[in-house]
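Here is a short briefing for a first look at this structure.

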Amino acid sequence: MSTEQHDAYGEELARISRHQSDATSARLSVFEALAGAGYSHTQADELVSILEAGAVAGAHTWVSESSAPHGAEQAFEDGWFEGVRAVASELLRIADNTAAQRGRAASTSQLLAHLRQPAPRAPQTPAPGPGPAPALDAEEILAAAQRCTWACADPVFDLDESREILTVALTAVREDEKEGYVQRLGAFADQHRGRLQELLRAYGPGSAPAEHGRYALVGQPESLVICERLESAPLLLNGVWSDELPEILLDDLAFAWGARHHLPRR
């Protein structure tokens with residue numbers, strides 16, 4: 001890739017990132033407004049998903065109606081329309097998945113409640129009842145993630161750095177999810193095997209995007225936990241992401257994973 005192509009690609013990524021950031025912030029405001037107007041989480045999810053699916057459908061129409069340059073050879077036109085059909089089919093799949101997207105309104109509500117919860121002024125005696133779930137064992141979870149070899153690109157990685165990032169990601173695991181989390185992670189990996197493989201192929205080490213120093217978490221074992229949290233508690237993950245960790249690490253992985261309600265921090 002030439003310097004000019006590299007610069008153009010970098011500018012394209014920056015513009016896409018801005019659009020994603022603005023859209024996520026706007027979605028958060030919409031969910032807040034709908035909740036204030038009395039809409040349930042289910043109703044809010046349905047309204048927002050329909051709007052977003054419609055935007056993708058508009059892109060599908062634009063792509064489908066595009067034509068090869070006037071006067072192009074037949075072989076070029078055939079290749080052009082084959083590419084158009086492939087892109088259009090993928091946009092249709094995205095529109096279908098977007099229309100069926102659910103759970104974002106509830107995640108937004110949980111994050112806002114978490115961020116707005118005031119710190120206790122004094123230690124409080126816990127109410128009687130079941131004790132808290134046992135603390136998550138980062139080493140056990142890291143080992144479980146490493147066993148998913150089709151999601152991890154290289155067994156050689158910076159163990160201390162992975163522990164640091166994993167520790168932050170695990171703070172986004174809610175109390176009621178801690179028990180059996182290793183099993184939950186394994187089930188997530190099995191359920192999303194194809195998606196994880198595609199993530200590694202498209203953005204992992206050796207890929208064109210990774211050559212520019214981006215998407216550093218793709219292929220790292222802790223990325224499996226982060227992807228699981230991006231699906232289960234994306235806004236909570238964003239809220240607890242440490243100031244000591246580069247923000248772009250999470251934003252890049254969220255973009256590559258296709259997280260639709262990741263909220264880039266300001």
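A nonpolar core is a set of buried Ala, Val, Leu, Ile, Met, Phe, Trp, Tyr and Cys residues joined through side-chain atoms within 4.5 Å. Buried means under 20% relative accessible area, exposed means over 50%, and partly exposed lies in between (1.4 Å probe, protein chains only). This is a predicted model, where local features need pLDDT of at least 70, side-chain atom pairs count only at pLDDT 80 or more, and totals for chains, interfaces and linings use all residues. Residues are numbered from 1 along each chain as its sequence is written, and side-chain values use heavy atoms, leaving out hydrogens and water.

**Core**

- The largest nonpolar core has 43 residues. Leu 199, Ile 226 and Trp 241 have the most contacts inside it.
- Helices that give two or more residues to this core include H5 (138-146), H6 (159-170), H7 (181-191), H8 (193-203) and H9 (222-232).
- Helices are DSSP runs (H or I, at least four residues), and strands are runs of E (at least two); both are numbered from the N terminus.

**Salt bridges**

- A salt bridge puts a side-chain nitrogen of Lys or Arg within 4 Å of a carboxyl oxygen of Asp or Glu. By this rule the count is 13.
- Arg 163 pairs with Glu 139 in a salt bridge, with the closest N and O atoms 2.3 Å apart. Arg 163 is in helix H6 and Glu 139 in helix H5, so the pair ties together parts 24 residues apart in sequence.
- Arg 163 is partly exposed at 28% relative accessibility. Glu 139 is partly exposed too, at 39%.
- Glu 228 and Arg 184 meet in a salt bridge (3.0 Å, N to O). Glu 228 lies in helix H9 and Arg 184 in helix H7, so parts 44 residues apart in sequence are tied together.
- Glu 228 is buried at 1% relative accessibility, whereas Arg 184 is partly exposed at 32%.
- Arg 174, Glu 177, Arg 184, Glu 228 and Arg 229 are linked in a salt-bridge network.

**Surface charge**

- Asp 158, Glu 161, Glu 164 and Glu 244 gather in a surface patch of negative charge. Patch residues have over 30% relative accessible area and no salt bridge, and like charges are joined within 9 Å.
- Glu 244 sits in the loop between helix H10 (234-240) and helix H11 (247-257). Glu 244 is exposed, with a relative accessible area of 67%.

How values were computed
Patches are made of residues with over 30% relative accessible area and no salt bridge: like charges are joined within 9 Å, nonpolar side chains (Val, Leu, Ile, Met, Phe, Trp, Tyr) within 5 Å. Accessible areas come from the Shrake-Rupley method with a 1.4 Å probe; for residues, only the protein chains shown count as cover. Lys and Arg count as positive and Asp and Glu as negative; His and the chain ends are not counted. The place of a charge is taken as NZ of Lys, CZ of Arg, CG of Asp or CD of Glu.
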